[in-house]
Amino acid sequence: MALRFINTRTRQKEEFKSIDDGKVRMYTCGPTIYDFAHIGNFRAYVFEDLLRRYLKYRGYEVTQVMNLTDIDDKIIRSVKEQNIGLKDYTNQFKAAFFEDLDALGIERAEYYPAATDHIDEMVEMIQKLLTKGHAYKADGSVYFKISSFPQYGSLSHMKLEDLKAGARVAADEYEKDSVSDFALWKGWDEADGPVFWETPLGKGRPGWHIECSAMSTKYLGETFDINTGGVDNIFPHHENEIAQSECASGKTFANYWMHCEHLIVEGTKMSKSLGNFYTLRDITGKGYSPIAVRYLLLSTHYRQQLNFTFAGLDGAKAAVERLVDFRRNLQAVDGDTDSPEFPALLEQAYTGFQECLDDDLNASGALGEVFNFVKETNRLMADKKLSTSDAKQAVEAIDKFDTVIGVLPQAEESLDDDIQKLIDDRLAARQDKDFAKADSIRDQLLEMGIVLEDTAKGTVWKRKL
RNA sequence: GGCCGGUUAGCCAAGUGGUAAGGCGGAGGUCUGCAAAACCUCUAUUCUCCGGUUCGAAUCCGGAACCGGCCUCCA
């Protein structure tokens, strides 16, 4: 079966066909860098990483753009309060964001354009919309005229007249023709303080939606393959992107729209007032491995709400350890006779893994296939039926799967000399039958994050997750 | 009010017509100086409830209950 995705715009599962053979251009909605990102945000970025990695697994060359929103109301407020430069303020959270991406094993996109570096491109697109009659000026600002785009609502499947109007319309927006029209350009007012750009549109700053339209066009062209984000982006953000982009270019904006569901914590919405609001740092600060977080975020299908619990995180950690141990145990296999059962296991693992992920990125199913392979291969290993050659192929398979899953350690780690000495001391103590001392050293190593395994072939170590 | 998901074992979670994947936890066991680590075995006669279609339904249709999300700058 071919690769297929649920397309939010059609609500159908569609076969994926890229515009250019063998190449995918995708845009993924990135963070607003006004604070540390929380694990709900990272759920989206891990989903996008899964998409990216799997497209590569299937042989595509991927060009991914992730925007960094470095201008919005909250940023302006903080910049004024702290009396520092815009970039000085956002750079600290930008740096933290990339640290977190690395910790979670998220591959880097090809481009991370920042909104404030693309004011010219945004202004140009807004001028085009004005010329074509899709936008109008009012009181120093520029608004998109929704009534000029009859297809408005095609992504979210909402009708304009059904929208409950009024609740969040700011007082300064009374100049708009229609309450649903949204800002492309916001004229400067005193609340903006030092944050503004002098442009042909006047003094002010861009609206939120326009950055994604302008930057995706610049780096991916007027039509590209996939646009993604969290479900909350469907309306209004992505709906507005479509309106701006398709009115400006006259072409289809993105062919496939993929949205991941929200993460909830212990069964309820994550919020600061409930005290269940977590950044990645909050969690790693409790001693959890970011890789366990990655696994947990990955292991629920992206279109399902994910219930984040610390019990679940413990489970994720144990699951990752099982994979790591499996790979390591394979490397100790020493056998001359190939198992007659093994080739079928290997075949099933490869085909099962791909079939699941081909079907709208069913990561849970794919992990199930991997663990079936682990269990069956472990059984052969325990019965001493696995050959060195079988084991080598099993390692290759796990490594191949991990190019998508991304939880195995990247390189063989080496030990500090003092830790190695402790291991040697313990070995000596065991040989002297001084088990009290041996166990004490073992406990000491455990506290340092080193777990020892006494196997028939000697003592091996691993790093605790 | 409009739109969208969900309800599967103690917990997490796949499965969209052919008789319940997987992970964690738990219980046994192998190995071991060991209560360590690793590994093995077992662990849902049943899929929120009520009707219906069908030879056959967790899966399709109708209805109910409960949970969650979006409805103008929140991934």
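**View 1. Leucine 55 and its contacts.** Set aside neighbours within four places in sequence, and leucine 55 is in contact with Leu3, Phe5, Phe16, Val24, Met26, Tyr60, Val62 and Ile226. Contact here means heavy atoms within 4.5 Å. This is a predicted model: local features need pLDDT of at least 70, side-chain atom pairs count only at pLDDT 80 or more, and totals for chains, interfaces and linings use all residues. Residues are numbered from 1 along each chain as its sequence is written, chains are lettered from A and ligands numbered from 1 in the order in which they are written, and side-chain values use heavy atoms, with hydrogens and water left out.

**View 2. The nonpolar cores.** A nonpolar core is a set of buried Ala, Val, Leu, Ile, Met, Phe, Trp, Tyr and Cys residues joined through side-chain atoms within 4.5 Å. Buried means under 20% relative accessible area, exposed over 50%, and partly exposed in between (1.4 Å probe, protein chains only). The largest core has 132 residues. Leu55, Ile226, Phe308 and Phe373 have the most contacts inside it. Helix α1 (residues 39-57) gives the most to this core, with 11 residues. Helices (H or I, at least four residues) and strands (E, at least two) are DSSP runs, numbered from the N terminus. At least three residues of this core come from each of domain 1 (16-260) and domain 2 (280-405). The domain bounds come from an automatic or database domain assignment. A second, separate core of 8 residues includes Ile419, Leu422, Ile441 and Leu452.

**View 3. The parallel sheet.** An open sheet is formed by 4 strands in the order β4-β3-β10-β11, with parallel pairing. Two strands pair if DSSP finds at least two bridges between them. At the edges are β4 (61-66) and β11 (254-260), and each pairs on one side only. Neighbouring strands of this sheet are turned by 20° against each other on average, direction ignored. The axes are lines fitted to C-alpha atoms, for helices over the stretch in contact, and angles run from 0 to 180 degrees between N-to-C directions. Strand β10 (residues 224-230) is joined to β11 by 6 bridges. Opposite glycine 229 stands histidine 259 in β11.

**View 4. The antiparallel sheet.** The order β5-β6-β7-β9-β8 makes an open sheet of 5 strands with antiparallel pairing. Its edge strands are β5 (135-138) and β8 (197-199). The twist averages 40° from one strand to the next. Between β5 and β6 there are 4 bridges. Lysine 137 stands opposite valine 142 in β6.

**View 5. Aromatic pairs.** Rings of Phe, Tyr and Trp (its six-membered ring) pair if their centres lie within 6.5 Å; planes under 30 degrees apart count as stacked, over 60 as edge-to-face and the rest as tilted. The count comes to 28 aromatic pairs. Phenylalanine 98 and tyrosine 112 are edge-to-face, at 4.8 Å centre to centre with 90° between the planes. Phenylalanine 98 lies in helix α3 (residues 86-103), and tyrosine 112 in the loop between α3 and α4 (119-131). Phenylalanine 98 counts as buried because its relative accessibility is 13%. Phenylalanine 144 and phenylalanine 182 are stacked: 5.2 Å centre to centre, 15° between the planes. Phenylalanine 144 lies in strand β6 (residues 141-144) and phenylalanine 182 in the loop between β6 and β7 (183-187), so this pair ties together parts 38 residues apart in sequence. Both phenylalanine 144 and phenylalanine 182 are buried.
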